[in-house]
Amino acid sequence: MRKPSMLMVCCALTLTLVGCNTSNQNETEEADTKPAESKTEQRTETPADVPKNTEDEVVEETPTAEAEPPAEDKPAEEETADEPETEEAPVVEAQPEEEPAQTPSEPLEQNGMANVKLDTLILVNKQVALSADYKPSDLVTANIDFVDTATGERKMLRKEAAQAIEKLMAGAKTAGIDLKGTSAFRSYEYQVQLFNNYVAKDGKEQAMKYSAPPGHSEHQTGLAIDVSSASVGYQLTQSLEQTKEGKWLADNAHTYGFIVRYQRAFEKETGYMYEPWHLRYIGVEHATNVHKTNVPYERYLKQLMD
Ligand SMILES: [Zn+2]
């Protein structure tokens, strides 16, 4: 009868507005999975400007004075029952739209030094190094077949990666694929030794062109391993690509948590030539993402941390 409604309408409106505001908030939580630009610049020939660098020098197999302790034959690490791969999704801060999210949840590097907090996602490359005293604390000998020249520490990986390579090798065997490890962990001291050998042989300027200075080898993370097959004489050679073993690796390594780190299509971006033998452990989920989106690891990590 009277008109009590004006005030009530106002109240109701206010409440509605407040309600709207709060319901708006959680729309940004989805990890943003942009489709990778499927820009595969295939290079078939090797023009002069393609980096000749390899992470792994084939000639390295003759270190001069390496007094390594005999490789202790460790029993197989106890298998952890298929632990679920739990990844902490990067915390994505809600950002005002116009600001590109430039604050990674974890920096990839600091002043050219690797961020060890990234754990199994750690980035080490031509620009980003590990310190001289970095040595993973959980190195174990991988219980797989190695070539004879691999001894001592060079058969070691971080525990998680060792277990993964053991599974990979078992899977390979089941598929009739014959692979052996050729080299896994590489200490800073060993890198110094290798680099000095190159400098002695070719001079520093030349050595710098084909070999990274100490600290820049991904093998120092304890998450990288070179593998090869009898069909190429267990050499580290690009012709592994054409063998059934090389093809199996390219198609299946990610299902065990490894990526073929240096792809032909990304030689310029990574600074390394194609290495079908060099596997890097990053865990099944991430390896699968990298494999599917077909991007270099550097680019994947940036997207992940942004
Ligand atoms: Zn390697």
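Which residues of H5 are buried?

Modeller: This is a predicted model, in which local features need pLDDT of at least 70 and side-chain atom pairs count only at pLDDT 80 or more, whereas totals for chains, interfaces and linings use all residues. Residues are numbered from 1 along each chain as its sequence is written, and side-chain values use heavy atoms, with hydrogens and water left out.

The buried residues of H5 are Glu245, Gly246, Trp248 and Leu249; buried means under 20% relative accessible area, exposed over 50%, and partly exposed in between, with a 1.4 Å probe and protein chains only. Helices (H or I, at least four residues) and strands (E, at least two) are DSSP runs numbered from the N terminus. Seen down the axis of H5, the buried residues fall within an arc of 160°, so they line one face of the helix; the arc is that of the directions from the helix axis to the C-beta atoms. The face turned away from the buried side of H5 carries the exposed residues Lys244 and Asp251. Among the elements that cover the buried residues of H5 are H2, S6 and S8, where contact means heavy atoms within 4.5 Å.

H5 also takes part in the lining of the second largest pocket, giving 5 residues, the largest share. A pocket is an open set of points on a 1 Å grid over the protein atoms alone, where a 1.4 Å probe fits, with protein on both sides within 12 Å along at least five of seven lines; lining residues have an atom within 4 Å of a point. Of the 27 lining residues, Ala250, Val260, Gln263, Tyr274 and Asn294 lie nearest the centre of this pocket. Helix H5 (244-252), strand S7 (258-260) and helix H7 (284-293) each supply at least two residues of the lining.
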